[in-house]
Amino acid sequence: MRIPLIAQIGIDQRDSDDVALQKMILVGVVLTSAVAAALWGFVYIAVGARTAGAIPAAYSVLSLANTVLFGMFRRYQVYRFTQLMLILLLPWLMTISLGGFHNSSAVILWSTLCPLGALVVHDLRSASRWFWVFLILLVGSALQQSPGASLPSSMVTFFYVLNIGCVLSIVFVMLYYFVDKKNLFQAQSEMLLLNILPIEISNILKGEHRTIADQYDEVSILFADVVQFTPLARSMSPMELVGLLDEVFMCFDLLVEKYRLEKIKTIGDCYMVVAGVPRPRADHAHALARLALEMQACVAEREFRGRRLTFRIGMNSGQVVAGIIGRKKFIYDLWGDAVNMASRMESYGQSEAIQITHATYELIKDDFVCETRGTIDVKGSGEMEIWHILGERPNVPKHLPGMAA
């Protein structure tokens, strides 16, 4: 549902989405009520109830003038208070001038827009205060039975229908628009959260307050890093460098999504992905090996910002702990020797090579062509045998992403 452009009076570029929404709803309700009040006033004056007709006419003029001032000076708190006060008091004054609750066709129902509107455009405490004042005025109007204006019973019934129908219509439209926008903001927040965290972890954070740390026994981890990144960074401005990395990582992101893997993070020019976390899968090593080959092909077949790049890619398989540490600016991360070893495979690797450990080799050797590269001395682990993935063996059945191998 769209609100006319005129309802956006008083909105400032510095306003948050919530404040802008509040202003739009309040101005929309005020302008709608002003038009209705003008019509009510005309009809009452036409049937001889001039005093009663003058009150909604005055409300219409005051509300429009107040809205113009709000558009000029943008003092939202003043505008909100004065409009809520007008919405609350003027229907009550009409009730008194017409001789009570029944003779006025329950026109005080218009005053309900004050506390209900305050729920949307203010806060709960203020809305409660406005509601208690409304109840006091409601009781007073019910007890007030002065002669007032003498209106035909058909006219009283007619205004009953108008008052109830119009008030409920305005309330429904106001709440419908508010809920619709809130749902939109919620969906945007959900999407942002899912771009940061896996959906399973997002759901836990929203429903529970606990440390999130789970052990996974069978996972594969990949690190990819730009070769000769430091000289490249020196030859480009920071903005150009960020733009280049953004192009590369967007390409990688699409591949990660294709294989339903989990991107963990980027650190400078380093890209980290895991398979088997937080959704365990039997083909974790196979899926990650296919990803690595496609990442390699993606970089080899195109230029990024007019430059050719080469990557080192390292993989390892094993046991990890995955979760979130802290509660401020958190990220979903992995810990364990398997993670450290995957990082070592990348940093000890060669340009344009996918280097893997014995653990990963044992999982994929029947389905991928791997070349032994002997042993290397890995810091903290000593001599280790390594392999390079050259490609996938022909005629090997490919399983759908996320399915067991």
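1. Strand E3 (residues 270–275) is covered on both faces: Cys270, Met272 and Val274 on one side and Tyr271, Val273 and Ala275 on the other are all buried. Buried means under 20% relative accessible area, exposed over 50%, and partly exposed in between (1.4 Å probe, protein chains only). In a regular strand the side chains alternate between the two faces of the sheet. Strands (E, at least two residues) and helices (H or I, at least four) are DSSP runs, numbered from the N terminus.

2. This is a predicted model, in which local features need pLDDT of at least 70 and side-chain atom pairs count only at pLDDT 80 or more, while totals for chains, interfaces and linings use all residues. Residues are numbered from 1 along each chain as its sequence is written, and side-chain values use heavy atoms, with hydrogens and water left out.

3. E3 has two antiparallel partners (strands pair if DSSP finds at least two bridges between them). Strand E1 (residues 212–226) is joined to E3 by six bridges, with Asp225 opposite Cys270. Strand E2 (residues 262–267) pairs with E3 over five bridges, and here Lys265 faces Met272. The hairpin of E2 and E3 has two residues between the strands, and Gly268 takes a positive phi near 65 degrees.

4. On confidence: pLDDT is the predictor's confidence in each residue, from 0 to 100. The mean for the protein is 86, and 92% of its residues reach 70 or more. Among the elements, E3 has the highest mean pLDDT (95) and helix H7 (residues 199–207) the lowest (70). Over residues 400–405 pLDDT stays under 50. Where pLDDT is low, the predicted coordinates should not be read in detail.

5. The structure holds 15 salt bridges, each a side-chain nitrogen of Lys or Arg within 4 Å of a carboxyl oxygen of Asp or Glu. One of them links Asp253 and Lys263, with the closest N and O atoms 3.1 Å apart. Asp253 lies in helix H9 (residues 238–258) and Lys263 in strand E2, so the pair ties together parts that are ten residues apart in sequence. Asp253 counts as partly exposed because its relative accessibility is 28%; Lys263, at 30%, also counts as partly exposed.

6. Arg281 and Asp283 also meet in a salt bridge (2.8 Å, N to O). Both Arg281 and Asp283 are buried.

Conventions. Contact = heavy atoms within 4.5 Å.
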